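User: I have a structure here that I would like to go through with you. Could we look at its overall build and then at some side chains?

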Amino acid sequence: MIDGGSVSVAVVGSRAEAELIVGLLGSSGLRAAVSADDAGGQEPQLQLQGVQVLVARSDEATARRLLADAQDDPGTVES
């Protein structure tokens with residue numbers, strides 16, 4: 001994904017949820033990607049094994065902080 005490798009910052013139950021997290025991280029300037037062993041979305045039942053959100057190793061701390069903040073205050077929407 002990115003020089004220096006990537007790390008998983010979240011494991012969720014669906015590709016849709018993972019894409020929302022990628023969008024949240026992207027809106028804060030981080031590059032993120034979805035990793036799922038679901039045959040490119042053709043076998044969605046395989047998502048039950050977990051869908052990962054990956055970021056660059058250098059962005060891990062920032063991404064985890066953003067996710068924790070979002071989980072602590074899910075009603076806040078920034079414009």
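Predicted model: local features only at pLDDT ≥ 70, side-chain atom pairs only at ≥ 80, totals over all residues.

User: What is the order of the elements from the N terminus on?

Analyst: The order is β-α-β-β-α, and the secondary structure comprises two helices and three strands.

User: How much of the protein is buried?

Analyst: Of the 79 residues in the protein, 25% are buried. The accessible surface is about 5100 Å², and carbon and sulfur atoms account for 48% of that area.

User: Which residues of the largest nonpolar core touch the most other members?

Analyst: That core has 15 residues, and those touching the most other members are Val 9, Ile 21, Leu 25, Val 53, Val 55, Ala 63 and Leu 67. Two or more residues come from each of strand S1 (6-12), helix H1 (15-27), strand S3 (51-56) and helix H2.

User: What does Val 9 touch, leaving out residues up to four places away in sequence?

Analyst: Val 9 touches Leu 25, Val 53, Val 55, Ala 63 and Leu 67, and also Glu 60 and Arg 64.

User: Turning to charges, how many salt bridges are there?

Analyst: The count is one salt bridge. It joins the side chains of Arg 64 and Glu 60, at 3.0 Å from N to O.

User: Where do Arg 64 and Glu 60 lie?

Analyst: Both residues belong to helix H2 (residues 60-72), where they are four residues apart, about one turn of the helix.

User: Why does Arg 64 count as partly exposed?

Analyst: Arg 64 counts as partly exposed because its relative accessible area is 39%, which falls between the cut-offs of 20% and 50%. Glu 60 is also partly exposed, at 25% relative accessibility.

Notes
Residues numbered from 1 in each chain as written. Heavy atoms only, no water. Salt bridge = Lys/Arg side-chain N within 4 Å of Asp/Glu carboxyl O. Buried < 20%, exposed > 50% of the residue type's maximum accessible area, 1.4 Å probe, protein only. Core = buried A, V, L, I, M, F, W, Y, C linked by side-chain atoms within 4.5 Å. Contact = heavy atoms within 4.5 Å. Areas by Shrake-Rupley, 256 points an atom, 1.4 Å probe, with all protein chains shown as cover.
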